[in-house]
Amino acid sequence: MRIVVMVSGSGTNLQAVLDAVREDRIDVEIAAVGADKPCTGLERAQAAGVETFLVRPGDHPDRAQWNRALQRAVEDHAPDRVLFAGFMRIVDAGFVEAFAGRIVNTHPSLLPSFPGAHAVRDALAHGVKVTGVTVHEVVADVDAGPILAQAAVPVLTDDDEDRLHERIKAAERELLVDTLGALARRSALHDAW
Ligand code: GRF
């Protein structure tokens with residue numbers, strides 16, 4: 001299964017996938033890693049010898065044209081799936097349509113609770129005792145697509161946003177690699193038939 005991974009930040013989820021691919025734990029080929037801004041995630045990809053691309057919103061006159069440029073950059077690598085691994089931009093319906101049912105996102109809460117950019121903060125503020133991570137398909141509505149996998153993470157009494165997010169990310173990396181592995185096995189089966 002050939003994937004393009006999109007990142008915006010530290011790229012620890014990407015690193016987990018890079019490691020799993022390198023160690024042959026999942027049948028996935030990372031065709032390229034893209035970002036909306038220079039970030040550690042891109043550096044991780046370069047260090048692993050993976051092709052990278054950068055499509056910055058500021059280099060395009062409006063959101064629609066940025067979306068089309070991003071779409072073309074991803075399409076150039078002909079992926080079977082697109083993985084948003086800490087990609088902090090919302091793509092438009094045209095982008096989702098171009099890769100319909102083939103975009104996978106990871107989100108640091110148990111969706112449908114706490115969608116959006118501040119999921120960990122929102123979960124803490126709400127006082128939940130259990131939160132977690134969701135790997136799901138991307139649809140045009142934000143954080144609303146079909147759920148592929150989830151893992152629960154308890155909230156501890158002395159948690160702050162950073163501590164809780166770090167524990168969620170540990171669960172997230174494992175869940176993401178497992179889910180990608182399962183999707184790759186499913187696509188290999190599909191190809192065989
Ligand atoms: C992850 O928790 C992701 O779900 C969220 O931001 C974090 C990105 O972490 N949207 P990293 O860049 O993979 O280290």
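**The ligand site and its pocket**

In this predicted model, H6 contributes the most to the shell around the ligand, with three residues.

Q: Which elements each supply at least two residues of the shell around the ligand?
A: Among the elements of this predicted model, H6 gives the most to the shell, with three residues. Two further elements also reach the threshold of at least two residues.

Q: Which residues around the ligand come nearest?
A: The shell holds 13 residues. By class, these are two nonpolar, nine polar and two charged residues. Those that come nearest are Ser10, Gly11, Thr12, His165 and Glu172.

Q: How far is a polar side-chain atom of glutamate 172 from an oxygen atom of the ligand?
A: Glutamate 172 is one of the residues that come nearest to the ligand. A polar contact requires N or O atoms within 3.5 Å. The pair formed by a polar side-chain atom of glutamate 172 and a ligand oxygen lies at 2.4 Å.

Q: What separates an oxygen atom of the ligand from an N or O atom in the side chain of threonine 12, and a ligand oxygen from a polar side-chain atom of lysine 169?
A: Threonine 12 is among the residues nearest the ligand, and the distance from its side-chain N or O atom to a ligand oxygen is 2.6 Å. For the polar side-chain atom of lysine 169, the distance to a ligand oxygen is 2.8 Å.

Q: What percentage of the area that the ligand exposes when taken alone does the protein bury?
A: The ligand sits in the largest pocket. Taken alone, the ligand exposes 370 Å². Of that area, the protein buries 91%.

Q: Which residues of the lining lie nearest the centre of the largest pocket?
A: The largest pocket contains about 800 Å³ of space, and its lining comprises 37 residues. These divide into 15 nonpolar, 14 polar and eight charged. Nearest the centre lie Gly86, Phe87, Met88, Thr106 and Pro108.

Q: Which element gives the most to the lining of the largest pocket?
A: Around the largest pocket, with about 800 Å³ of space, the elements giving two or more residues to the lining are H1, S5, helix H5 (119–126) and H6. The greatest contribution is four residues, and it comes from H6.

Q: Where is proline 112, which a cis peptide bond joins to leucine 111?
A: The bond between leucine 111 and proline 112 is cis, with omega of about 10 degrees. Proline 112 is located in the loop between S5 and H5.

Technical notes: Residues numbered from 1 in each chain as written. Predicted model: local features only at pLDDT ≥ 70, side-chain atom pairs only at ≥ 80, totals over all residues. Heavy atoms only, no water. Near = heavy atom within 4 Å. Polar contact = N/O pair within 3.5 Å; in protein donor to acceptor, adjacent residues only side chain to side chain. Areas by Shrake-Rupley, 256 points an atom, 1.4 Å probe, with all protein chains shown as cover. 1 Å grid on protein atoms, 1.4 Å probe; cavity = no way out; pocket = protein on both sides within 12 Å on 5 of 7 lines; lining within 4 Å. Sits in = over half its atoms within 2 Å of the grid points. Nonpolar A, V, L, I, M, F, W, Y, C, P; charged D, E, K, R; others polar. Points joined across faces, edges and corners; volume = space filled by probe spheres on them.
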